[in-house]
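I set out to record, entry by entry, what I looked up in this structure.

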Amino acid sequence: LTGEAASIYEQLRQWRLEIARSQGVPAYVILHDKTLRELALQRPGSPQELLDVAGVGEAKAERYGADILRLVG
């Protein structure tokens, strides 16, 4: 990743780490690195577009979608 996508990826990783720590789970349980890369590259702009990203299902979109859309927007 380069440029803006790399920056977004790092922001997503930091967000994921904070969420994982607050839930007491490993970071990959929240979202895998590959999914974070895809989010940074695709930059979904709506909940529906979020569901098009591999690794984001309805439960994760519902739970984390608002945060993710804010970070990639």
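The entries below go through the helices, the core and a few single residues.

**Entry 1: the model.** I note that this is a predicted model, in which local features need pLDDT of at least 70, side-chain atom pairs count only at pLDDT 80 or more, and totals for chains, interfaces and linings use all residues. Residues are numbered from 1 along each chain as its sequence is written, and side-chain values use heavy atoms, with hydrogens and water left out.

**Entry 2: helix 1.** I took helices as DSSP runs (H or I, at least four residues), numbered from the N terminus; strands would be E runs of at least two. The 21 residues of helix 1 should span 30 Å at 1.5 Å a residue, and the end C-alpha atoms are 31 Å apart, which agrees.

I then looked up burial, where buried means under 20% relative accessible area, exposed over 50%, and partly exposed in between (1.4 Å probe, protein chains only). In helix 1 the buried residues are Ala 5, Ile 8, Tyr 9, Leu 12, Trp 15, Arg 16, Ile 19 and Ala 20. They cover an arc of only 135° around the axis, which puts them on the same side of helix 1; the arc is that of the directions from the helix axis to the C-beta atoms. On the face turned away from this buried side, helix 1 carries the exposed residues Gly 3, Arg 21 and Ser 22. The buried residues of helix 1 pack against helix 2, helix 3 and helix 5, with contact meaning heavy atoms within 4.5 Å.

**Entry 3: the end of helix 1.** Gln 23 is found in helix 1 and is partly exposed, with a relative accessible area of 37%. Neighbours within four places in sequence aside, I found Gln 23 in contact with Ile 30, Arg 63 and Tyr 64. Just after helix 1, Gly 24 takes a positive phi of about 70°.

**Entry 4: helix 3.** I listed Thr 35, Leu 36, Leu 39 and Ala 40 as buried in helix 3. They cover an arc of only 140° around the axis, which puts them on the same side of helix 3. The exposed residues Lys 34 and Leu 41 sit on the face of helix 3 turned away from its buried side. For Lys 34 the relative accessible area is 59%, whereas Thr 35 has 5% relative accessibility and counts as buried. Leaving aside neighbours within four places in sequence, Thr 35 is in contact with Val 53, Ala 54, Gly 55 and Val 56. The buried residues of helix 3 pack against helix 1, helix 4 and helix 5.

**Entry 5: Arg 43.** I looked next at the loop between helix 3 and helix 4, where Arg 43 has its place. Arg 43 has a positive phi of about 45° although it is not a glycine. Arg 43 is partly exposed, with a relative accessible area of 31%.

**Entry 6: helix 5.** How far apart are the end C-alpha atoms of helix 5? They are only 18 Å apart for 15 residues (58–72), short of the 21 Å that a straight helix would reach at 1.5 Å a residue. I also found that helix 5 bends by about 70° at Tyr 64, the bend at a residue being the angle between axes fitted to the seven residues ending there and the seven starting there. The buried residues of helix 5 are Ala 61, Tyr 64, Gly 65, Ile 68, Leu 69, Leu 71 and Val 72. Their cover includes helix 1 (3–23), helix 2 (27–30), helix 3 (33–42) and helix 4 (47–51).

**Entry 7: the aromatic pair.** Rings of Phe, Tyr and Trp (its six-membered ring) pair if their centres lie within 6.5 Å; planes under 30 degrees apart count as stacked, over 60 as edge-to-face and the rest as tilted. By this rule I counted one aromatic pair. The rings of Trp 15 and Tyr 64 have their centres 5.6 Å apart and their planes at 85°, so the pair is edge-to-face. This pair links distant parts of the chain, with Trp 15 in helix 1 and Tyr 64 in helix 5, 49 residues apart. Both Trp 15 and Tyr 64 are buried.

**Entry 8: the core.** A nonpolar core is a set of buried Ala, Val, Leu, Ile, Met, Phe, Trp, Tyr and Cys residues joined through side-chain atoms within 4.5 Å. The largest one has 20 residues, and those with the most contacts inside it are Leu 12, Trp 15, Ile 30, Leu 31, Leu 39, Val 56 and Ile 68. Helix 1, helix 3 and helix 5 are the elements that give two or more residues to this core. Helix 1 provides the largest share, seven residues. Not counting residues up to four places away in sequence, Ile 30 touches Trp 15, Arg 16, Ile 19, Ala 20, Gln 23, Val 25, Lys 60 and Tyr 64.

Definitions and conventions:
Expected span 1.5 Å × (residues − 1).
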